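Welcome! Here is a short briefing on a structure that may be new to you, covering its pocket and its charged pairs.

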Amino acid sequence: MQRAIQIFAAVNFIVIALSHILQPRAWSEFFIALRAKGHAGVFANAMLSLLVGSIIVAFHNVWTGLPTVLTVVGWAQVLKGLINLTVPSIGVRTLARVSVERSHEFVAAGVVLLGIGALQVYLVLRP
């Protein structure tokens, strides 16, 4: 099951990372649209984080070596979901930072996510 979740993470993280890198303005527009929905937009974002994070932690709770990176990312996503679903005003403040002028920040996030996705590919393919 650990390998399957690493593949799941690699596919999701690499695709989303490439999108962040190649389409940062669209990501800004997406989060601006969520912001316009207020707490409902925060809830939508939080449920995506909670879904991915809970899948990871349910099937990949590994705390040794390089696989720990994915476990930490999973728990971070669960925490993000928890915070935004229980205190949505925090998510509203986070979304308030997003602007088209700051779209370049999505590129940086995409590079980090690409690295995490590439690490998952390495872990799946190593002997």
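A pocket here is an open set of points on a 1 Å grid over the protein atoms alone, where a 1.4 Å probe fits, with protein on both sides within 12 Å along at least five of seven lines; lining residues have an atom within 4 Å of a point. This is a predicted model, where local features need pLDDT of at least 70 and side-chain atom pairs count only at pLDDT 80 or more, while totals for chains, interfaces and linings use all residues. Residues are numbered from 1 along each chain as its sequence is written, and side-chain values use heavy atoms, leaving out hydrogens and water.

**The largest pocket**
- The lining of the largest pocket has 33 residues, and those nearest its centre are His20, Phe31, Ser49, Gln77 and Lys80.
- By class, 20 lining residues are nonpolar, nine are polar and four are charged (Ala, Val, Leu, Ile, Met, Phe, Trp, Tyr, Cys and Pro count as nonpolar, Asp, Glu, Lys and Arg as charged, and the others, Gly among them, as polar).

**Salt bridges**
- The model has three salt bridges, each a side-chain nitrogen of Lys or Arg within 4 Å of a carboxyl oxygen of Asp or Glu.
- Arginine 25 and glutamate 29 form a salt bridge at 3.2 Å, N to O.
- A network of salt bridges links Arg97, Arg102 and Glu105.
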